[in-house]
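Q: I would like to go through how the labels in this model are assigned. Please set each value against its cut-off.

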Amino acid sequence: MMFFFIGIFGIQDKQRVVKEFNNVVCACGSLSRAELIEEYTYFHFFFLPLFKWNKRYFIRFRCCNRIFKVPEDYVSDLKHGFDIDIDRLEEISKINMNICPNCGATIEKSFLYCPYCGHNLK
Ligand SMILES: [Zn+2]
Ligand SMILES: [Zn+2]
């Protein structure tokens, strides 16, 4: 009976770009584009996502691929604003980072998939 359930329901992590920012100044000093990335865990049944939890948000700058963690109290401001206040973000690109074996991008260790090329890191 057990095998019947395998693949029918499960837990997965997903990432998606929820917003793009143009002409924002990165920590490296260049005027760049940045993406607000939402990462969440969801429970699915028959490929239908039933509920999501553990939402995390990141900002990624295009110029130098720096990644910043967005604190929870800044998420809605970012979603509705047009600018990014770097002082309110926490840079994570230098800590707990991995290199994607497929494309060489620097990514957070907890990522299951490379956000740059989609490579499965598990
Ligand atoms: Zn930069
Ligand atoms: Zn990659």
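Q: Why is Asn23 called exposed?
A: Asn23 has 10 other C-beta atoms within 10 Å.

Q: Where is Asn23, and what is its phi?
A: Asn23 is in strand 1 (residues 9–25); strands (E, at least two residues) and helices (H or I, at least four) are DSSP runs, numbered from the N terminus. Its phi is positive, about 55°, although Asn23 is not a glycine.

Q: What kind of model is this, and how are residues and chains labelled?
A: This is a predicted model, in which local features need pLDDT of at least 70 and side-chain atom pairs count only at pLDDT 80 or more, while totals for chains, interfaces and linings use all residues. Residues are numbered from 1 along each chain as its sequence is written, and chains are lettered from A and ligands numbered from 1 in the order in which they are written.

Q: How do you know what confidence the chain has?
A: By pLDDT, the predictor's confidence in each residue, from 0 to 100. The chain has a mean of 83, and 89% of its residues reach 70 or more. Confidence is highest in helix 1 (residues 75–80), at a mean of 94, and lowest in strand 6 (residues 97–99), at 74. Over residues 1–5 pLDDT stays under 50, and the model has zero contacts there beyond four places in sequence; a contact is a pair of residues whose C-beta atoms, placed from the backbone, lie within 7 Å.

Q: Which elements make up the chain, and in what order?
A: One helix and seven strands, running β-β-β-β-α-β-β-β from the N terminus.

Q: Is Trp53 buried or exposed?
A: Trp53, in strand 3, has 9 other C-beta atoms within 10 Å and is therefore exposed. Its C-alpha atom is 9.5 Å from that of Glu39, 14 residues apart along the chain.

Q: What makes Ser32 partly exposed?
A: Ser32 is partly exposed because its count is 17 other C-beta atoms within 10 Å. Ser32 belongs to strand 2 (residues 31–45). Leaving out residues up to four places away in sequence, Ser32 touches Val24, Cys26, Phe61, Arg62 and Cys63.

Q: What makes a set of residues a nonpolar core, and which residues touch the most other members of the largest one?
A: A nonpolar core is a set of buried Ala, Val, Leu, Ile, Met, Phe, Trp, Tyr and Cys residues joined through C-beta atoms within 7 Å. The largest has 13 residues, of which Ala34, Phe58, Ile59, Phe68, Val70 and Ile84 touch the most other members. Strand 3 (48–61) and strand 4 (67–69) are the elements giving two or more residues to this core, and strand 3 gives the most, with four.

Terms used
Two residues are in contact if their C-beta atoms, placed from the backbone, lie within 7 Å. A residue is buried if 20 or more other C-beta atoms lie within 10 Å of its own, exposed if 12 or fewer, and partly exposed in between; C-beta atoms are placed from the backbone.
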